[in-house]
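Reader: I'd like to walk through this fold with you, one feature at a time. Can we start from the strands and work outwards?

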Amino acid sequence: MNRIRYDELMREDIARLKEQGRRPRLLLHVCCAPCSTACLELLTDVFDVTCFYCNPNISPQEEYERRLQELDRLLKELPLRARPDLLPCAYEPERFEAIALGLEAEPEGGARCEKCYRLRLEETARAAKAHGYDYFTTTLSVSPYKNAEKLNTIGAALAETWGVRYLFSDFKKRDGYLRSIRLSAEYGLYRQDYCGCVYSKAQAEARQAL
Ligand code: SF4
């Protein structure tokens, strides 16, 4: 089976929008400041971006607040064509706990993660619809640990459900991940050593203890 090249689909969309001279509104789900860096460089060239910080998976709350503060700082410091707005969600860990029930022992990238992607993307699609955005997408595909196929499949299905366009993406491509590492170092960003949930934290601690 031929794999869909999500990065190319995004570049085609971007080229078309540039040709049309349009700047649509994009609600960008952001997991953390480091992952948003390279995505924002690319997207603010074409879209009016709002960063949607909605991550009930992150534990503990201090970590949630720390990642949010770092994102806020980055948005003030990173030179971009247009400064994105920041739309943070209240901290609601019980929403993640409900979908992770029974999947606690899953490895990173497994069934728990798929539900975690869906939870955050669905909230983004819902908010995009409610606030009249033209597109929604997520920074998650910049990470080599995140499955772009799954993310884009979920995004496309939610676009149908909510009636808002999903911007296909695979931000790690064309050295996107490398660029995010470089920008994170340049801006001295806090880079967490675990994905976000309590289970990924325990797995990271177990790895470090080896
Ligand atoms: S490892 Fe990351 S993506 Fe997977 S469930 Fe935990 S926070 Fe979500």
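Author: Here is a short tour of strands, crossovers, a helix and some backbone details. Keep in mind that this is a predicted model: local features need pLDDT of at least 70, side-chain atom pairs count only at pLDDT 80 or more, and totals for chains, interfaces and linings use all residues. Residues are numbered from 1 along each chain as its sequence is written.

Reader: Which strand does β1 join, and how many bridges are there?

Author: Strands pair if DSSP finds at least two bridges between them; helices (H or I, at least four residues) and strands (E, at least two) are DSSP runs, numbered from the N terminus. Here β1 (residues 25-29) runs parallel to β2 (residues 48-53), with five bridges joining them. Take Leu26: its bridge partner in β2 is Val49.

Reader: What handedness does the crossover from β1 to β2 have?

Author: Point the strands away from you; if the path from the first strand over the helix to the second runs clockwise, the crossover is right-handed. From β1 the chain passes through helix α2 (residues 33-43) to reach β2, and this β-α-β crossover is right-handed.

Reader: And what joins β2 to β3?

Author: Four bridges, with β2 and β3 (residues 85-88) running parallel. Thr50 stands opposite Asp85 in β3. The chain gets from β2 to β3 through helix α3 (residues 61-77), in a β-α-β crossover that is right-handed.

Reader: How many residues of α2 are buried, and what do they pack against?

Author: A residue is buried if 20 or more other C-beta atoms lie within 10 Å of its own, exposed if 12 or fewer, and partly exposed in between, with C-beta atoms placed from the backbone. In α2, nine of the eleven residues are buried, among them Ala33, Cys35, Cys39 and Leu43. Contact means C-beta atoms, placed from the backbone, within 7 Å; the buried residues of α2 pack against β1, β2, α3 and α7 (176-186).

Reader: Where is the cis peptide bond?

Author: Look at the bond joining Ser59 and Pro60, where omega is about -5°. Pro60 sits in the loop between β2 and α3.

Reader: What is phi at Arg174, and is that residue buried or partly exposed?

Author: Arg174 isn't a glycine, yet its phi is positive, near 50°. It belongs to the loop between β5 (165-166) and α7. Arg174 counts as partly exposed because it has 13 C-beta neighbours inside 10 Å. Asp175, in the loop between β5 and α7, also has a positive phi, about 65°, without being a glycine. Asp175 has 11 other C-beta atoms within 10 Å, so it is exposed.

Note on methods:
Two residues are in contact if their C-beta atoms, placed from the backbone, lie within 7 Å.
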